[in-house]
Amino acid sequence: MLTKDHKNWGYTSSTGLGFTHHTIVDTHFRACEEPYLHLLGQAGIRVGQHVLDAGCGTGDFLPHLAALVGDQGRISAVDLAEENAALAADRAKAWRLPCPTDIRTASLLNLPYPDNTFDIAWCANTVQYLDDHELAAALTELRRVVRPGGTIAIKDLDAHLITARPADPYLFVDFFRTAGAQPGYARQLLRTRELYRHLKRAHLTDVRQQTLLIEHHAPLTPAAQDFYKAACAQLAGQALALGLSGAWQRFADPAGFAHPLDDPDGYISEGNVLAVGTVPATRP
C-alpha cells in the first residue's frame with residue numbers, strides 16, 4: 001500500500017518505482033512542460049557549463065539543458081532505470097544536441113564521477129523516491145561531484161497543492177494526510193516544501209526556494225487528460241483500500257462516465273518546488 005511501499009504504484013520501470021515508466025514520464029512532462037521549463041530557467045544554468053542531469057528519466061530535459069549550455073557546454077546524465085537511460089541516449093543522438101552528451105545507468109547514491117566534475121547538477125522529479133536518509137546521501141554525492149562554487153538545483157512535486165474539481169475540496173488533502181502518516185512515498189511527496197532545509201543540512205550555502213502552482217482547466221490537453229486520469233485512478237485505488245471516502249470511485253476509472261476531469265468545469269492542480277544551493281569552497 002502507498003502508506004508503506006510506493007513500488008505498488010503502476011507504470012513502473014525496471015526499478016519497480018511507481019510512475020517511472022517512459023510512457024507516464026513523457027506524458028507528465030508534456031502536460032506540464034511550460035511550468036517545468038520556467039523552473040529550469042530559474043536554476044542558473046549558463047552557456048559553457050558542464051551540467052549533470054541527475055535522474056534524467058527518458059531525457060525530456062536534455063534538449064532544453066543543451067539549449068542553455070550551448071555548443072561550448074557539456075551534459076552528463078544518469079538514471080537508475082537502465083531502459084530509461086538507454087532511451088534517453090537514443091533520443092539525444094536523434095536530437096543531434098549541440099553539445100557533447102554522455103548518459104549512463106547509475107544511482108544518485110553512488111555517482112560514477114570524480115570529485116568536482118560539474119558546474120551544476122539539475123535533479124528533477126527524482127528525490128520523491130528517496131527517504132530522508134537516502135536524500136541526505138544523494139545530496140552528499142551531488143555536492144561531491146559539483147565543484148566548489150557550483151550549483152545544485154532540485155525540482156520536485158509538492159503534494160500539498162494537488163486537488164481536483166468538481167470534487168470535495170478536502171478529498172486529496174485527506175488522502176495524503178492519511179497515507180503520509182506512515183513512512184513512504186506519500187510522505188516523501190509531502191516533504192518537498194522542506195527541501196531547502198535538507199539543502200542547508202547538506203552544508204550548501206545561499207539556499208533559495210520557490211513553489212509554483214501548476215493548474216489545468218477544462219478542456220484539459222490530451223497529455224493532461226492521459227496523465228492525471230491515470231494518476232487519479234492510482235490514488236483512488238489506494239484511497240479506497242485505506243477506507244477513505246467513496247467519492248474516490250468517480251476517479252477510479254480513467255474512462256468512466258462523468259469523470260470529474262471531463263466536466264465542463266474540470267480542474268486539477270499540483271505544486272512544484274525548486275530548491276537551489278551553492279557548494280561552498282571548503283568541505284565540512
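Q: How many aromatic pairs does the structure hold?
A: This is a predicted model. Rings of Phe, Tyr and Trp pair if their centres lie within 6.5 Å. On that basis, the number of aromatic pairs in the structure is 12.

Q: Is the aromatic pair of Tyr113 and Phe118 stacked or edge-to-face?
A: The centres of Tyr113 and Phe118 are 4.9 Å apart, with 85° between the planes. Planes over 60 degrees apart count as edge-to-face, so the pair of Tyr113 and Phe118 is edge-to-face.

Q: Is Tyr113 buried or exposed?
A: Buried means under 20% relative accessible area. Tyr113 has 8% relative accessibility. Its ring partner Phe118 has a relative accessible area of 1% and is buried. By the same cut-off, Tyr113 counts as buried.

Q: Which residues do ring pairs link into a cluster?
A: Phe175 and Phe176 form an edge-to-face pair, with centres 5.0 Å apart and planes at 75°. Both of these residues are buried. Ring pairs link them into a cluster whose members are Phe172, Phe175, Phe176, Trp248 and Phe251.

Q: Which strands stand at the edges of the open sheet of 7 strands?
A: The strand order is E3-E2-E1-E4-E5-E7-E6, with mixed pairing. An edge strand here has a single partner strand, so one side of it is left without a neighbour in the sheet. The strands at the edges are E3 (101–105) and E6 (205–217).

Technical notes
Residues are numbered from 1 along each chain as its sequence is written. This is a predicted model: local features need pLDDT of at least 70, side-chain atom pairs count only at pLDDT 80 or more; totals for chains, interfaces and linings use all residues. Side-chain values use heavy atoms; hydrogens and water are left out. Two strands pair if DSSP finds at least two bridges between them. Helices (H or I, at least four residues) and strands (E, at least two) are DSSP runs, numbered from the N terminus. Rings of Phe, Tyr and Trp (its six-membered ring) pair if their centres lie within 6.5 Å; planes under 30 degrees apart count as stacked, over 60 as edge-to-face and the rest as tilted. Buried means under 20% relative accessible area, exposed over 50%, partly exposed in between (1.4 Å probe, protein chains only).
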